[in-house]
Amino acid sequence: MDLKKFMRPELDRFAGYAACKSPEALDDMTRALGICKLDANENVYGPSPRVRAAFASFNDAHIYPDSCQTELRKALAGYTGVPADRIVAGSGSDQLIDLLIRLFVSPGDEVLTATPTFAMYKFFTELSAGIFIGVPRDRDFNFTPEKLLSAVSNKTKLIFIAMPNNPTGTQVSKRTIEKILETGLPVVVDEAYYEFTGQTMAPEIGKYPNLMVLRTFSKWAGLAGLRVGYGLFPEDVATRLDAVKDPYCVNTAAVVAARESLKDIDYLIGNVRLIVSERERLFQALGGIEYLKPYPSAANFILCKIKDKDAAQIQRVLERRGILVRYFNSPQMENCLRFSIGRPGDTDRLIAQLRKIGEIT
C-alpha cells in the first residue's frame with residue numbers, strides 16, 4: 001500500500017527546516033576536544049540559579065500544566081506592562097508563529113516579510129499552503145518600509161518583521177514599524193532578541209489594534225531547551241489563540257523556569273550585558289581577519305560574509321576542531337557564516353582557529 005497517495009501532494013516539494021547539528025551527533029574524537037557551540041544563538045551562561053534550585057525540588061511532572069497559563073500570564077504582565085488577558089504563551093515563539101499563520105492565512109493567501117529573515121516564517125506559511133513573499137533587503141540587510149509595502153496585495157494577510165533580524169542581526173527603527181502598521185494589515189513584530197537591544201513595540205499594543213509582538217525566553221533567559229515563548233496581542237487575537245492553541249502547550253517544568261527567571265531579572269540582564277560586551281569584542285576581532293566581512297549586530301550573534309574562501313569548508317574545519325558555527329548559502333546570504341556570542345574563552349578559541357584557516361592559501 002502506497003500511503004503517499006493519501007498525503008497532501010504539495011508537500012512533496014516541502015524542504016523542511018535544517019536545524020543545527022547536535023553535539024551528540026559528532027564523533028567521539030571531536031567531542032573529546034570540548035565542544036564550543038556557537039551555532040544556534042543559545043545563551044552560553046544558561047538559566048538563572050533560581051531555575052536550577054527550583055528544579056531540585058520539582059515534583060509536579062505527573063500533573064498537567066494550567067491550560068489557562070494563569071500564573072505565567074500574570075508574571076509576564078508584570079514584566080511587559082501588557083495586561084494578562086492580552087498575553088498568550090507557547091512552546092517557543094515558533095509555536096505562536098505557526099498558530100498566527102493558521103489563524104490568519106488560508107490556502108493561497110500571502111505572508112509578507114523582508115528577506116533574508118527567520119526561516120520559520122516561510123516554513124509555517126508553506127506548511128499551511130500559504131504563499132510566502134520575501135522582499136529583498138539591501139546589500140547591508142536593511143530595508144525601507146516603502147519597498148516592503150509595494151509588495152502588498154489584496155491577498156496579503158500577515159506581515160512579519162524581526163526586530164532585530166535573524167540571521168543578519170540588523171535592527172529596524174520603531175518608525176519603520178509604525179509606517180507598516182499604518183496599512184491596517186496584521187503585523188507581527190518578532191522581538192526574540194529584545195533584551196539585547198531594549199527596543200520594543202510593546203507599549204504600542206494599545207495604540208495599534210493590528211500590532212502583535214512575539215518574544216522568547218530562549219535567548220536572554222537561557223531556556224532554549226525548555227521552549228517557552230509568548231506573545232502580546234490585541235484582546236480579540238489573544239482570545240482566538242487561546243481557542244486554537246494546544247491546551248497544555250507550555251509544560252510544567254517550563255512554567256517553573258519562566259516564573260523563576262522573571263524573579264531574577266537583574267542576574268539575567270547582567271549576563272545579557274556580558275554577551276553584548278563580548279559581541280563588540282568579537283566584531284572587532286572578526287573585522288581584523290582579511291577574508292571575513294562581519295555585519296553589525298543588535299542580537300547575540302554576528303553574521304559574516306566569507307571572501308575568497310569556501311564558507312562550507314571553513315564550517316567543516318571548525319567542526320573537526322570542536323567549534324560549531326552556522327553556515328548559510330541562500331539568496332543574499334551566499335557563502336556566509338554566523339557566529340553566536342560565547343564566553344571570552346570561546347571568542348579566543350574561535351578567533352585563533354579562524355586566523356589559522358586564514359594562513360592556509
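1. Let me start with a pairing: strands E2 (residues 87–90) and E8 run antiparallel and are joined by four bridges. Ala89 has Tyr230 as its bridge partner in E8. Two strands count as paired here if DSSP finds at least two bridges between them. Strands (E, at least two residues) and helices (H or I, at least four) are DSSP runs, numbered from the N terminus.

2. A word on what you're looking at. This is a predicted model, in which local features need pLDDT of at least 70 and side-chain atom pairs count only at pLDDT 80 or more, while totals for chains, interfaces and linings use all residues. Residues are numbered from 1 along each chain as its sequence is written, and side-chain values use heavy atoms, with hydrogens and water left out.

3. Back to E8. Strand E7 (residues 211–216) is also joined to E8 by four bridges, again antiparallel, and Leu214 finds its bridge partner in Gly231 of E8. Which residues of E8 (residues 229–232) point which way? Gly229 and Gly231 go one way, Tyr230 and Leu232 the other, and all are buried. Buried means under 20% relative accessible area, exposed means over 50%, and partly exposed is in between (1.4 Å probe, protein chains only).

4. Those pairings belong to an open sheet of seven strands, in the order E2-E8-E7-E6-E5-E3-E4 and with mixed pairing. E2 and strand E4 (131–136) are the edge strands, each pairing on one side only. From one strand to the next, the twist averages 25°; axes are lines fitted to C-alpha atoms (for helices, over the stretch in contact), and angles run from 0 to 180 degrees between N-to-C directions. For a parallel pair, look at strand E3 (residues 110–115) and strand E5 (residues 156–162), joined by four bridges. Leu112 is bridged there to Ile159 in E5.

5. There is also an open sheet of four strands, ordered E9-E10-E13-E12, with antiparallel pairing. Its edges are strand E9 (292–294) and strand E12 (326–330), each of which pairs on one side only. Neighbouring strands in this sheet are turned by 30° against each other on average, direction ignored. E12 pairs with strand E13 (residues 333–340) in the antiparallel sense over four bridges, and Tyr327 has Leu337 as its bridge partner in E13.

6. On to the charges. The structure holds 19 salt bridges, a salt bridge being a side-chain nitrogen of Lys or Arg within 4 Å of a carboxyl oxygen of Asp or Glu. One of them joins the side chains of Asp242 and Arg73 (2.7 Å, N to O). Asp242 sits in helix H8 (residues 235–244) and Arg73 in helix H3 (residues 70–80), so this pair ties together parts 169 residues apart in sequence. Are the two partners buried or exposed? Asp242 is partly exposed, at 31% relative accessible area, whereas Arg73 counts as buried at 11%.

7. Glu146 and Lys179 also meet through their side chains in a salt bridge (3.6 Å, N to O). This one links distant parts of the chain, with Glu146 in helix H6 (residues 145–149) and Lys179 in helix H7 (residues 174–181), 33 residues apart. Glu146 is partly exposed at 49% relative accessibility, and Lys179 is partly exposed at 30%.

8. Have a look at the network too: salt bridges link Arg50, Glu71, Arg259, Glu260 and Lys263. Within that group, the side chains of Lys263 and Glu260 meet at 3.6 Å, N to O. Glu260 counts as buried, with 7% relative accessibility.

9. Helix H4 (residues 92–104) passes a length check. At 1.5 Å a residue, its 13 residues should span 18 Å, and the end C-alpha atoms are 19 Å apart, which agrees. The expected span is 1.5 Å times one less than the number of residues. Its buried residues are Gly92, Ser93, Gln95, Leu96, Ile97, Asp98, Leu99, Leu100 and Ile101.

10. Ala352 lies in helix H12 (residues 344–358) and counts as partly exposed at 35% relative accessibility. The C-alpha atoms of Ala352 and Glu278 are separated by 16 Å, with the two residues 74 apart along the chain.
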